[in-house]
Amino acid sequence: MTENHDGKQQGGVPGRQRKRFPGISSRAYEHPADRSALVALRKLTGFDTVFKALSGLLPERSLRLLYLSDSVRVSDAQFSHLNDMLRDACYILDLDRVPPMYVTQNPVPNAMCVGLDEPVIVLTTGLVELLDEEEMRAVIGHEVGHALSGHAVYRTVLLFLTNVALKVAWIPLGNVAVMAIVTALREWFRKSELSADRAGLLVGQDLRASMRGLMKLAGGNHLHEMNVDAFLAQADEYEKAGDLRDSVLKILNVLPRSHPFTTVRAAELKRWSESRDHQRLMDGHYPKRSEDKDASVSDSFRESAGHYAQTVRDSRDPLFKLVGDIAGGAGDLAGDLGGRLRTVFGGGAPKEPGKDTGGNTGSSSEKDADGKPGEGSEA
């Protein structure tokens, strides 16, 4: 494409040089917790039945008519700068069809991507008025990331079931059944936001703009009073501060929310931006959509499990530390008991903790002849 005199490429794609990711799969930027939470959601008893039933009942046409009749559709004639950003985001992430986008009157800054057959992006006026151009570009990229990942379908089901839960709250068993699925959906959606934040960074390719946008969502349009480093320090304090009571309160605080806390999102995004995975992606090495059908489900499971295990090991949260200590203590106890049982039934001498049979200090896990962990041990 060539650029016109306005500095924009013909076809409405803004002219600033950004890297494009042809054929990129959503697997390239999806957070491991997003994938594992979705797997857990799909395994939830009754979810499959509810989802299939709702797919035919949800008033998607009514939803589209509602936005068409009572919101402003983004186009070349209306909010043209947002339309340019939308087409730019779809161009960078190589989304075949540009989803319709609407601006709706609501002072609360928010954005969402909903729809079953086709995603629809909705921005509130509060958000449009709050963010500058580069911050908004990251948000629109965030929503396009939801569309590419297929998140809009489950988001729509969540919105519908939340409404249903309010209506059947007076039915004890009915409300419990619906709220179990709503709670699982919310847990997944919070994780999916971490994936979409990454998509927003891939589109905007400006970490500072992404950070500014998250700070504004937390503290309003007062950037002159805020500082990115201090904001990230809040996330660090939140993650490690307090005792077990605070850990429980953190869980209770986040349960009713659809999004993770903004400081946590900022810290997660910054960590990913500095990772090797992000650098490889920016260098053009990423999974393609054409390879999705051949993607290994077991590899995704292992990656998700590894992510959670690493999170528990690295976390400074008191509850996570306790879980890690209990797990480690259980492993030590099992090893000690195993040694004693071998002594009783096999006649051998019990091994001292931290020593192998030859008396050398080392790992308690079994190793093969090459010194690598055996099949029964953890790497």
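Trainee: At what angle do helix H4 and helix H6 pack?
Mentor: About 50°, with their axes 9 Å apart; H4 covers residues 80-92 and H6 residues 133-149. That makes H4 oblique to H6, oblique being what is left after under 35 degrees (roughly parallel), over 145 (roughly antiparallel) and 65 to 115 (roughly perpendicular). This is a predicted model, where local features need pLDDT of at least 70, side-chain atom pairs count only at pLDDT 80 or more, and totals for chains, interfaces and linings use all residues. Residues are numbered from 1 along each chain as its sequence is written, and side-chain values use heavy atoms, leaving out hydrogens and water.

Trainee: Which residues in H4 meet H6?
Mentor: Leu82, Met85, Leu86, Asp88, Ala89 and Cys90. On the H6 side they meet Glu133, Met136, Arg137, Ile140, Gly141 and Val144 (contact means heavy atoms within 4.5 Å). The residues of this contact divide into eight nonpolar, one polar and three charged.

Trainee: New topic: which way do the residues of strand S4 point?
Mentor: In S4 (residues 101-104), Met101 and Val103 point one way, Tyr102 and Thr104 the other. All are buried, meaning under 20% relative accessible area with a 1.4 Å probe, protein chains only.

Trainee: And how many bridges join strand S3 to S4?
Mentor: Two, and the strands run antiparallel; pairing takes at least two DSSP bridges. Arginine 73 has tyrosine 102 in S4 as its bridge partner.

Trainee: What about S4 and strand S6, parallel or antiparallel?
Mentor: Parallel, over four bridges, with S6 at residues 120-124. There, threonine 104 stands opposite threonine 124.

Technical notes. Axes fitted to C-alpha atoms, helices over the stretch in contact; angles between N-to-C directions. Nonpolar A, V, L, I, M, F, W, Y, C, P; charged D, E, K, R; others polar. Buried < 20%, exposed > 50% of the residue type's maximum accessible area, 1.4 Å probe, protein only.
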